[in-house]
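Please take a moment with the sequence and the fold shown here before reading on. The briefing is meant for someone meeting this structure for the first time.

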Amino acid sequence: MPVTPVDTPWLRRFHTADDGALRLFCFPHAGGNASYFFPLSTLLAPRTEMLTVQYPGRQERFNEPRIESMTELADVIAAELTGWTRVPFALFGHSMGATLAFEVACRLRANGAEPSALFVSGRRAPSIPAPGSVHLATDEELVADIRLLGGTESRMLDNAELLAAILPAVRSDYVATETYRYQGADPLRCPVTAFIGDADPRVDTAQAEAWASHTTGRFRLHTFSGGHFFLARHFDALAESIGATVGPGDQELLTRN
């Protein structure tokens, strides 16, 4: 897939965008990589400039040390994105990426860069604890949890060589996710839109609706058919929702109805 250069290893850009396009930072799920969002970038270009965060320890950053703390990861990414927030921007994250996008948004806001919108997918609100111990499990148990959630091709999980390559990053991300504890923050002022699958074993409607308490702006929840990785079948609808929220003439969405 084509990648246009950016001057930081933390970001990947798959498509160019029109001048003045909104900048959308995307945050992958646990064990995920930037390439997962290529289909969304295809749908959003050229009216939206999508920049996907590439975590260390995967793809071209495979040999870099992984970061196993959500707060440390958010600190590093927020500092890295500071120079990229001089234009209107929004953030989108799935699963672990949703929590990370929120934490980065809070840090950017504290530094004077208020996002235009936050989109969160497949994740309960930060204020609802999500403790877990899968990161302490055996490799077999970790793989079983990955299979439960879907999103990873069976051929990768059934291939011992491929599995050995991806499992360390997955486990590190599980550590970051399961040890994360919300420390409290002033609500954002931008609209927050949440997306969930109706058969997701990780988040239910009430847990997703709790995102409303993290903004003084408008909150919307969209429920789709599917499990934890419902979005793979609904990128078109997600792109439509993102465009409707941050498109020209929609600044009224910055305040709650």
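This is a predicted model: local features need pLDDT of at least 70, side-chain atom pairs count only at pLDDT 80 or more; totals for chains, interfaces and linings use all residues.

Residues are numbered from 1 along each chain as its sequence is written, and side-chain values use heavy atoms, with hydrogens and water left out.

**Helix α3**
- The 15 residues of helix α3 (residues 96-110) should span 21 Å at 1.5 Å a residue, and the end C-alpha atoms of α3 are 22 Å apart, which agrees.
- Because 14 of the 15 residues of α3 are buried (under 20% relative accessible area, with a 1.4 Å probe and protein chains only), α3 is largely enclosed by the rest of the structure.

**Helices α4 and α6**
- Helix α4 (residues 139-149) packs against helix α6 (residues 160-178) at an angle of about 80 degrees, with the axes 11 Å apart.
- That angle makes α4 roughly perpendicular to α6, a term that covers 65 to 115 degrees.

- Six of the six residues of strand β6 (residues 192-197) are buried, so β6 is largely enclosed by the rest of the structure.
- From β6, Val-192, Ala-194 and Ile-196 point one way, whereas Thr-193, Phe-195 and Gly-197 point the other way.
- Strand β5 (residues 117-121) pairs with β6 in the parallel sense over four bridges (pairing requires at least two DSSP bridges between two strands), and Val-120 has Ala-194 of β6 as its bridge partner.
- Strand β7 (residues 219-224) runs parallel to β6 and is joined to β6 by six bridges, with Phe-224 of β7 as the bridge partner of Gly-197.

Terms used: Helices (H or I, at least four residues) and strands (E, at least two) are DSSP runs, numbered from the N terminus. The expected span of a helix is 1.5 Å times one less than its number of residues. Buried means under 20% relative accessible area, exposed over 50%, partly exposed in between (1.4 Å probe, protein chains only). Axes are lines fitted to C-alpha atoms, for helices over the stretch in contact, and angles run from 0 to 180 degrees between N-to-C directions. Angles under 35 degrees count as roughly parallel, over 145 as roughly antiparallel, 65 to 115 as roughly perpendicular and the rest as oblique.
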